[in-house]
Amino acid sequence: MAVMTYREALNLALREEMRRDPDVFVIGEEVGLYEGAYKVTQGLLKEFGPKRIVDTPIAESGFTGVGIGAAMVGLRPVVEMMTFNFALLALDQIVNSAAKLNYMSGGQYNVPIVIRGPGGPAHQLAAQHSQSMEVYFYHVPGLKVVRPSTPMDAKGLLKSAIRDDNPVIFIESETLYNVKGEVSEDPDFLVPLGQAAVRREGTDVTVIAYMGMMYRAMEAAEELAKDGISVEIVDPRTLQPLDTETIIRSVRKTHRAVVVEAGAGFAGMGSEIATEITEEAFDDLDAPVARVTGAQAPMPYARSLERLKTPTKEKIADAIRQVCYANGSR
Amino acid sequence: MAITKVVMPKLSEQMDSGKIIKWIKKEGDRVQSGDILAEVETDKADVEMEAFGSGVLRKILVSAGDKAPVGALIGVIAEEGDDINAVVAQAGGGAPSAAASSAGAKPAMADRPAAVPPQPKSEDHAERTPSPSKGPESPGIRRAQETVAQQPVVTEMAPRPQAPAAADGGRVKASPLARKIAAQSGVDLKLVHGSGPGGRIVRRDVEAAAAAPAAAAAPSAAAPSPALRPVTPTVTGPEYEDVALSTMRAAIAKRMPLSKAPVPHFYVTSEVAMDRAWELREELNGLEGQPKISVNDLVIRTCALTLLHHPGVNASFQGESIRVFHRVHMGIAVALEEGLITPVLRDAHAKTLAQIAVEARDLAERARQRKLRTQELSGATFSISNLGMFDVRDFSAIINPPEGAILAVGSVRKVPVVTDEGLGVGRRMAMTISCDHRVMDGAMGARFLQDVKRLLEEPLRLLV
């Protein structure tokens with residue numbers, strides 16, 4: 001174990017996988033000479049050379065297509081989106097080619113590609129650069145979608161994503177790159193896709209949250225513990241496939257659930273998880289599943305408005321009190 | 001693709017069982033949702049019972065002329081190829097066949113449809129003339145059948161408590177969990193005051209009602225009139241404080257009255273000469289590489305072995321039968337800061353002293369850290385509560401239902417004893433067994449205790 005940042009954990013994962021498998025290569029804007037807009041690819045050009053660390057023009061659709069083609073003939077590309085908002089330019093490549101070629105070729109081709117980069121709200125990145133991009137992808141059959149919240153998961157899940165034979169959308173966060181944590185230095189350490197983690201054990205309510213929202217939920221849980229409300233926090237880690245089993249097991253124990261998501265709530269991850277809970281654990285529920293989501297509005301640039309748009313610790317705590325019927329009467 | 005369970009509907013508030021006057025459909029008939037399946041006689045009226053699922057009436061479990069309790073499975077609608085064995089077996093797996101036609105009204109066991117023996121095919125329902133059957137159409141009927149999406153196994157479906165009678169029209173608002181608990185504990189939701197938004201009944205309301213049924217019936221009686229409030233003399237500090245119940249304390253508060261009130265306890269006390277057991281224990285604990293054996297470990301093993309010879313004590317009252325266990329799962333009461341918890345040492349009769357010592361310590365340890373798995377907290381067939389470490393001479397314990405008995409163990413004390421030579425010093429330990437009188441009688445408890453005493457006084461037998 002070593003303590004390192006989320007950014008360093010991603011870098012280590014790339015480095016280890018590139019050493020292990022000569023078919024792995026990195027492609028994207030500024031990944032080589034500039035060592036990545038967020039320095040995730042720092043030092044990789046020096047170690048692996050320009051054939052495996054490929055700088056591209058500003059052309060997301062083009063270099064994503066190059067990656068998909070390379071994957072079809074047996075390479076394992078890791079495509080970096082400078083921010084995941086730019087993946088919108090490559091949406092046709094991702095949705096219509098990467099996700100579907102295995103199916104449409106009758107299994108003759110598979111596309112072992114990882115498309116990674118930061119996404120979701122950060123600090124004053126405004127409307128076009130703050131979007132929770134996962135919603136565009138987890139709806140598409142054929143794509144796996146990962147959102148790793150901790151340095152340990154960043155490393156273990158990125159390695160699993162690279163080794164996976166299917167296209168994986170791997171969305172990091174600008175706000176987490178400097179988060180430090182313990183990370184396994186074992187080159188064979190993996191976190192399997194499709195497994196949620198219980199971040200905190202509790203008995204009164206289950207909060208399902210990932211990335212920055214998971215950390216805010218943790219703060220809310222600390223605060224509510226003083227009022228005697230015991231919060232369990234489940235981090236799904238992978239959104240597609242979603243580990244409903246862990247979520248349901250937790251809700252069966254606590255009888256209440258709050259889902260937090262940074263993006264707008266309509267038809268979001270919260271709706272999906274709330275539905276799964278209602279279908280699987282209806283008779284165990286003591287309150288309707290509550291959602292805490294971003295407002296249905298573009299992200300404002302102003303800091304004060306950004307705060308209004310996004311789920312905060314206070315909003316999360318309010319929702320928890322609400323499902324625990326603890327509004328003042330406790 | 002769905003299996004619809006046809007259950008005896010609750011057609012009036014007082015109804016706890018109903019009689020099938022006649023089946024309109026017979027086994028093998030194709031039915032559509034809305035078809036009349038059968039006519040049911042209640043205490044008030046004869047009512048037609050509709051089908052709420054489509055398919056084939058695959059099985060009739062209660063024949064015409066027979067009674068079934070509310071909520072009991074009386075038929076199954078499914079497609080031709082569906083496997084309905086699990087559903088049917090569920091209905092037949094309860095108590096031995098209580099004659100469903102007995103006149104005395106049985107208490108409705110909402111969580112466990114009472115066993116109705118599967119009837120041989122009987123299409124002979126012509127003998128009863130169809131009665132005019134014109135009771136008012138109760139909205140309650142619609143809830144009596146539950147359609148389950150086809151799964152490999154049809155999981156438990158607690159029948160929903162009924163909507164209130166048409167008279168007051170309104171639906172009782174309760175969370176699904178509150179409904180489930182109410183059905184299991186026999187709480188009538190109509191009498192419960194809901195503390196949730198819009199008067200929704202939530203879990204804590206039902207639990208409170210289950211713990212204090214009288215209070216639930218008259219919720220306003222408790223508030224003292226201001227005029228009656230006594231004038232308190234001036235004292236420093238508040239007169240009292242209300243400490244919130246921890247989850248565990250609340251569970252204990254809820255469960256214990258469930259034992260003490262309905263379970264008729266009796267107690268038998270005996271004293272054991274522990275001199276030889278004490279020596280044996282010291283000798284065992286002197287051995288290198290052996291786990292340390294506590295007095296309680298000796299008691300656990302002794303009871304486990306003795307229970308095998310006294311199955312009547314290793315038993316549980318089941319309403320219409322007594323369930324006698326052939327294995328001993330020992331509940332061990334562990335005191336915690338905020339209460340007590342009873343982890344279960346499974347198959348204690350088949351374990352050596354060393355195994356018992358290791359497992360019991362592990363369970364107690366994890367109980368203190370609150371790390372027990374749920375399956376380690378249920379399924380005991382007998383329990384032991386030992387307060388020996390508190391220098392307690394003897395005490396009696398409350399049975400942990402549905403178990404039939406619990407042994408309360410006091411300290412091993414050095415006391416003067418009369419020997420052949422005169423007066424000596426011996427080690428003695430008192431044990432009191434609390435027994436459920438519905439399951440066993442005094443002599444049975446006494447004989448069990450006598451054998452426990454014998455075994456503890458010849459402790460070498462514990463090693464073989």
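Two strands are taken to pair if DSSP finds at least two bridges between them. Helices (H or I, at least four residues) and strands (E, at least two) are DSSP runs, numbered from the N terminus. The model is predicted: local features need pLDDT of at least 70, side-chain atom pairs count only at pLDDT 80 or more, and totals for chains, interfaces and linings use all residues. Residues are numbered from 1 along each chain as its sequence is written, and chains are lettered from A and ligands numbered from 1 in the order in which they are written.

In chain A, seven strands make up an open sheet of mixed pairing, in the order E3-E2-E4-E5-E7-E6-E12. The edges are taken by strand E3 (53-55) and strand E12 (238-240) of chain A; each has a single partner strand, so one side of each is left without a neighbour in the sheet. From one strand to the next the twist averages 20°, where axes are lines fitted to C-alpha atoms, for helices over the stretch in contact, and angles run from 0 to 180 degrees between N-to-C directions. Strand E6 (residues 144-146) of chain A pairs with E12(A) in the antiparallel sense over two bridges, and A:Val145 has A:Gln240 in E12(A) as its bridge partner. Helix H7 (residues 151-163) of chain A packs on this sheet and touches strand E2 (24-28), strand E4 (76-80), strand E5 (114-118), E6 and strand E7 (168-172) of chain A. Contact here requires C-beta atoms, placed from the backbone, within 7 Å. The direction of H7(A) makes about 160° with that of E7(A).

A residue is called buried if 20 or more other C-beta atoms lie within 10 Å of its own, exposed if 12 or fewer, and partly exposed in between, with C-beta atoms placed from the backbone. Five of the five residues of E2(A) are buried, so the strand is largely enclosed by the rest of the structure. Both of its faces are covered, by A:Val24, A:Val26 and A:Gly28 on one side and by A:Phe25 and A:Ile27 on the other.

Another open sheet in chain A has five strands in the order E9-E11-E10-E13-E14, again with mixed pairing. Strand E9 (197-200) and strand E14 (290-294) of chain A stand at its edges with a single partner strand each, so one side of each is left without a neighbour in the sheet. The twist averages 25° from one strand to the next. Strand E10 (residues 205-208) and strand E11 (residues 231-235) of chain A run parallel and are joined by four bridges; A:Val207 stands opposite A:Ile233 in E11(A). Helix H10 (residues 269-281) of chain A lies across E10, strand E13 (257-264) and E14 of chain A, at about 160° to E13(A). Helix H12 (residues 313-323) of chain A lies across E10, E11, E13 and E14 of chain A, at about 165° to E14(A).

Chain B contains nine helices and 19 strands. Of its 464 residues, 37% are buried. B:Arg368, in helix H8 (residues 353-368) of chain B, is partly exposed, with 14 other C-beta atoms within 10 Å.

Note on methods: Two residues are in contact if their C-beta atoms, placed from the backbone, lie within 7 Å.
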